[in-house]
Amino acid sequence: MKLWKTILAATVLALAGSQAFAARTDLVIGIPLEPPHLDPTAGAAAAIDEVLYANVFEGLTRIGPNGEVLPDLAESWAISDDGKVYTFKLRTGVKFHDGSDFDAGDVKFSLDRARADNSVNAQKALFAAIDTVEVVDPTTVKVTLKNPQGSFLYNMGWGDAVIVAPESADTNKEKPIGTGPFKFQSWAKGSSITLVKSDTYWGAPVSLDKAEFRIVPDAAAAVPALLSGDIQAFPFFDPDSVAQVKDDPRFKVVVGSTEGETILAINNKKPPFDKLEVRQAIAFALDRKAIIDGASAGLGVPIGSHMSPASKAYVDLTGLYPHNVDKAKELLKQAGLENGIKATLKLPPPSYARLGGEIIASQLRDVGIDLEIIPVEWAQWLDQVFTKKDYDLTIVSHTEPNDIDIYSRKDYYFNYDNPAFDKIIAELNLTSDDAKRNTLLGEAQKILADDAVVGFLYELPKVGVWDAKLQGLWENAPIQANDLTKVKWAD
């Protein structure tokens, strides 16, 4: 009897020991904003993609951690000599999370739905070049464009271009059904969204069995949540809180790049900002280092035009307008405004805007531009500034990838109009050669800088803080995503 008990005890200890050393398979991730819904094809909020992109939903292509275009539901493609016809070969054996099969019909449905007249897709422009979508056979789709578009494969990798099934498209906002390695389990409104591993995934199985996205809108609550172990990762951490955890060996602090060009936007058609000299005066008045130190804990990377420094097409134009108070005053005098300007500065809620706004108002006051600061909520900003263009100046970070073309949009809130810039963007849309595209992008950046369309400040840093034993989270943010496909705990 004693021998049996000894064997049993040894067995229990061995099992306990093996479990103790087994790598974890669960993860709680902190995110600052709750998505308004869970359908990436029907909303502009970055928080939607931050939970669902690459995890629950997939596209024909996908964007990798360094901004590269990778195969996804399309395993390969062929492009016609004239650059107008893309023939996609689809993966076989792919299933949606409700058990239905994925095929070419789902691709046609998704692309036609996104570009339809009644489409609610927030990035409908991504699909504007598509002329027809044809089902060749269940695993082959032919997409014909109205004209060549060098960015087409990249565009198909956006969260707005993920493939959905006609049977579940209308209910994805509350119960998302995709083809990804994780499937939706639950959404506790105001608290968390939980995903679990899909056992029917077509690709390499993920290491995590469960991932909970915990909503933590208060930046001050992030540090205690980390220290207690309640949350193991904040991929987008408040830069001002980094000092509290950076020396703790339990955590890894990773500062990467984003696609977030943080700008002092200017209403280019509203006097006196319709004068080039006034916009240039603003550019000379801005002390980027002081703004970066005060609004992003010194972690932002200065920019002189609308392009991420992480991009191969980036041109460093930060030296075009060095901080120069005397030059700013001289330009205002040339514009006939030596007695100064009174204007408004509308600031949305993020700390980079509210903190940066106070600093910028002080800097512009030094050259004779007196700003009334008006804090607004996001809904007000979208209505007043973005939609109605009822503003003088504002601060915002444009986080959409490779979006320099927004300056060519005639109804965009900058109210900027330059035919030379528009011509370059039109040529860019017809160019697929990378070297030529980079040259055109360089020319576009130079025009925006010369015209001082906005005050270019800095690239929003991606500050991630997570458990030191956690591997596979993205260092950079080429798109708005928390891709968990390679995430695992170290053994």
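A search of the whole structure, which is a predicted model, finds 4 cavities of 30 Å³ or more. A cavity is a set of points on a 1 Å grid over the protein atoms alone where a 1.4 Å probe fits but cannot get out. Grid points are joined across faces, edges and corners, and a volume is the space filled by probe spheres set on the points. The largest cavity has a volume of about 160 Å³. Its lining, meaning residues with an atom within 4 Å of a point, consists of 15 residues, and the closest to its centre are Asp49, Trp158, Gly159, Asp160 and Gln480. These lining residues divide into 8 nonpolar, 4 polar and 3 charged. In this classification Ala, Val, Leu, Ile, Met, Phe, Trp, Tyr, Cys and Pro count as nonpolar, Asp, Glu, Lys and Arg as charged, and the others, Gly among them, as polar.

For the second largest cavity, the volume is about 90 Å³. Ala283, Leu286, Arg288, Gly304, Tyr321, Ala449, Ala452, Val454, Gly455 and Phe456 line this cavity, with 7 nonpolar, 2 polar and 1 charged by class.

Pockets were also computed, a pocket being an open set of points with protein on both sides within 12 Å along at least five of seven lines. The second largest pocket has a volume of about 360 Å³. It is lined by 21 residues, of which Arg62, Tyr201, Asp483, Thr485 and Lys486 are the closest to its centre. The lining of this pocket comprises 11 nonpolar, 4 polar and 6 charged residues.

Numbering is from 1 along each chain as its sequence is written. Local features need pLDDT of at least 70 and side-chain atom pairs count only at pLDDT 80 or more, while totals for chains, interfaces and linings use all residues; side-chain values use heavy atoms, with hydrogens and water left out.

Helices (H or I, at least four residues) and strands (E, at least two) are DSSP runs numbered from the N terminus, and two strands pair if DSSP finds at least two bridges between them. An open sheet of 6 strands shows mixed pairing in the order E14-E18-E13-E17-E15-E16. Its edge strands, E14 (301-302) and E16 (369-375), each pair on one side only. E14 pairs with E18 (residues 455-459) in the antiparallel sense over 2 bridges, and Val301 has Glu459 as its bridge partner in E18.

Thr262 is found in strand E13 (residues 261-266). Thr262 counts as buried because its relative accessibility is 1%, where buried means under 20% relative accessible area, exposed over 50% and partly exposed in between (1.4 Å probe, protein chains only). Its side chain makes a polar contact with the side chain of Ser397 at 3.2 Å. A polar contact is a pair of N or O atoms within 3.5 Å; within protein, one must be able to donate a hydrogen and the other to accept it, and residues adjacent in sequence count only if both atoms are side-chain atoms. Leaving aside neighbours within four places in sequence, the contacts of Thr262 (heavy atoms within 4.5 Å) include Ile303, Tyr352, Ile395, Gly455 and Phe456.

Asp392 lies in the loop between helix H10 (378-387) and strand E17 (393-398). Asp392 also counts as buried, because its relative accessibility is 9%. A polar atom of the Asp392 side chain lies 2.9 Å from the backbone nitrogen of Thr344.
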